[in-house]
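This report walks through selected local features of a structure, then turns to how its chains relate. Please keep the sequence and the 3D view open while reading.

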Number of protein chains: 2
Amino acid sequence: MMMVQAVAIIVAGGSGRRMLDDLPKQYLSLDGVPILGRTLIKFEKAPSVGRIVLVVPKDDVNYARDEIADKYRIFKAKHIQAGGETRQDSVRNGLEMVDDRDDIIVIHDGVRPFPSEELIDLSIREAARMGAAVPVIPLKNTVKIVGEDGIIIDTPGRNNLRLAQTPQAFRREIILEAYRSAYREGFYGTDDASLVERMGVPVKTIPGSHDNIKITTPEDLALGELLLKKIGAGI
Amino acid sequence: MMMVQAVAIIVAGGSGRRMLDDLPKQYLSLDGVPILGRTLIKFEKAPSVGRIVLVVPKDDVNYARDEIADKYRIFKAKHIQAGGETRQDSVRNGLEMVDDRDDIIVIHDGVRPFPSEELIDLSIREAARMGAAVPVIPLKNTVKIVGEDGIIIDTPGRNNLRLAQTPQAFRREIILEAYRSAYREGFYGTDDASLVERMGVPVKTIPGSHDNIKITTPEDLALGELLLKKIGAGI
């Protein structure tokens, strides 16, 4: 089996405005451990991840180092990097910490604390094989494409629609070139894969999980506590 | 203000295979009241709804009458109709109970117990005005269009994408013709609006709600109990 060296970029740039709490959502406790701490522990334990770049809001760098990375013994968190205005800007700042030894870059949302170890490893393996890999799950609801006037334009067939998750993994040169190109042309995407897709590079989907939720609302947090009981803490 | 007479078709045809329980999900208890009972109570209380047609699996007609409609005093439930194989077949069976006095048909999922009274009324008013109305909410996640080979084809811009909910309301002649046409041509859609859209009839979107969830998994049920605490039972 090919050995690849992967670096994880964990993006936790959010100011948490959608939460009722004043504390940015990535620092909220999920059964005693901050969401971001839980996320990092998953990558600390994933054998295929060699190093972690953690990206947090610029005022939080010290807090994240002391209260998250050090406290939860995230030895792989070699860099704590200041984020930018948007998620994409934060990932770009994270990518500055990548070097030539890194074969694969795996990018993950800091507020998505339940990626399985298998999913992390699969995303890295598929990226090594195919260039780019993104976990997806089927949609349970009908999606509509709606015009400016509020009239429905189309209902795309659900068979071909998927919801994208993270970890999204890429060969180094692919994601670096995609980011360079996006910033050259002022393109902002809703996820990292969209920057790669627009280069014409094939992006492979892999099976995500309904448990791999992103926590952005109080309801998500409650669901997270429920899932924690179901799937176990993994720490 | 124009007075319109609306009939609600509540579709609860599901056999509940996605739930762990043997009981079809529409009969599962949500804090002491079956999900379907909660849904029906909302339409019983909505002033703009004159009559309810309840559609349940064919073996459940007596159970639904005795244990749901009668027990929770759903006086508007004039018809309890046997459903078909798919949701669309069940709605078609429900539409057989519509008559010429009904101006508006409002179709709703039996396992979606938290539509607000305002949303039910708005859907009916907008259908009276525009012909067809569908509640939608923004998407929190990135959607991908994926090919048969698992490679991503496109990431549609999130600005124009919405998740469709129910109640979906239509002028009688519009939805009846849409169903006739769909069955004539063997078309199956994922929601009622999609049958109307393919006729070229404009369908107006109205603001839905994140609370207006569809309960199809154990996690949904737990979220439902949480929402019940937040928004109150409304009964």
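## Loops and backbone geometry

Arg73(B) sits in the loop between helix H2 (61-70) and E5 of chain B. The model is a predicted one. Arg73(B) is not a glycine, yet its phi is positive, about 55°. Its relative accessible area is 58%. The cut-off for exposed is over 50%, so Arg73(B) counts as exposed.

Asp31(A), a residue other than glycine, has phi near 50°. Asp31(A) belongs to the loop between strand E2 (29-30) and strand E3 (33-34) of chain A. With 59% relative accessibility, Asp31(A) is exposed.

Next come the cis peptide bonds. In chain A, one joins Thr166(A) and Pro167(A), with omega about 10°. Pro167(A) falls in the loop between strand E10 (161-164) and strand E11 (168-171) of chain A. In chain B, a cis peptide bond links Thr166(B) and Pro167(B), and omega is about 10°. Pro167(B) is located in the loop between strand E10 (161-164) and strand E11 (168-171) of chain B.

At what angle do helix H3 and helix H5 of chain A pack? The angle is about 130°, and the axes lie 11 Å apart. Angles over 145 degrees count as roughly antiparallel and 65 to 115 as roughly perpendicular. H3(A) passes H5(A) in a left-handed crossing. On the H3(A) side, the contact is made by Gln88(A), Asp89(A), Val91(A), Arg92(A) and Leu95(A). H5(A) contributes Ile175(A), Leu176(A), Tyr179(A), Ala182(A) and Tyr183(A).

In chain B, H3(B) and H5(B) are likewise oblique to each other, and their crossing is left-handed. Gln88(B), Asp89(B), Val91(B), Arg92(B) and Leu95(B) of H3(B) make the contact with Ile175(B), Leu176(B), Tyr179(B), Ala182(B) and Tyr183(B) of H5(B). The table sets out both pairs.

| Helix pair | Residues of H3 | Residues of H5 | Packing angle | Axis distance |
|---|---|---|---|---|
| H3(A) and H5(A) | 87-95 | 172-184 | about 130° | 11 Å |
| H3(B) and H5(B) | 87-95 | 172-185 | about 130° | 11 Å |

How enclosed is H3(A) by the rest of the structure? Seven of its nine residues are buried, so H3(A) is largely enclosed. The buried residues are Gln88(A), Asp89(A), Ser90(A), Val91(A), Asn93(A), Gly94(A) and Leu95(A). They pack against strands and helices of chain A. The strands are E1 (6-11), E4 (49-56), E5 (77-82) and E6 (104-109). The helices are H5 and H6 (192-197).

Ser181(A) is placed in helix H5 of chain A. Ser181(A) is buried, at 5% relative accessibility. Leaving out residues up to four places away in sequence, Ser181(A) touches Arg198(A) and Met199(A).

Gln81(B) lies in strand E5 (residues 77-82) of chain B. Is Gln81(B) buried or exposed? Its relative accessible area is 14%. The limit for buried is under 20%, so Gln81(B) is buried. A polar atom of the Gln81(B) side chain is 2.8 Å from the backbone oxygen of Asn93(B). Neighbours within four places in sequence aside, Gln81(B) contacts Val53(B), Leu54(B), Val55(B), Val56(B) and Val61(B), among others. The list also includes Asn93(B), Gly94(B), Glu96(B) and Met97(B).

Arg125(B) is part of helix H4 (residues 117-130) of chain B. Arg125(B) is partly exposed, with a relative accessible area of 43%. Between Arg125(B) and Gly186(B) there are 61 residues of sequence separation, and their C-alpha atoms are 31 Å apart.

## How the chains relate

Two copies of a chain are related by a rotation about an axis and a shift along it.

Through which surface do the copies meet? Of the interface residues of chain A, 100% are also interface residues in chain B, so the copies meet through the same surface.

Technical notes. Residues are numbered from 1 along each chain as its sequence is written. Chains are lettered from A and ligands numbered from 1 in the order in which they are written. This is a predicted model: local features need pLDDT of at least 70, side-chain atom pairs count only at pLDDT 80 or more; totals for chains, interfaces and linings use all residues. Side-chain values use heavy atoms; hydrogens and water are left out. Helices (H or I, at least four residues) and strands (E, at least two) are DSSP runs, numbered from the N terminus. Buried means under 20% relative accessible area, exposed over 50%, partly exposed in between (1.4 Å probe, protein chains only). A polar contact is a pair of N or O atoms within 3.5 Å; within protein, one must be able to donate a hydrogen and the other to accept it, and residues adjacent in sequence count only if both atoms are side-chain atoms. Contact means heavy atoms within 4.5 Å. Axes are lines fitted to C-alpha atoms, for helices over the stretch in contact, and angles run from 0 to 180 degrees between N-to-C directions. A crossing is left-handed if the near helix is turned anticlockwise from the far one by less than a right angle, and right-handed if clockwise. Angles under 35 degrees count as roughly parallel, over 145 as roughly antiparallel, 65 to 115 as roughly perpendicular and the rest as oblique.
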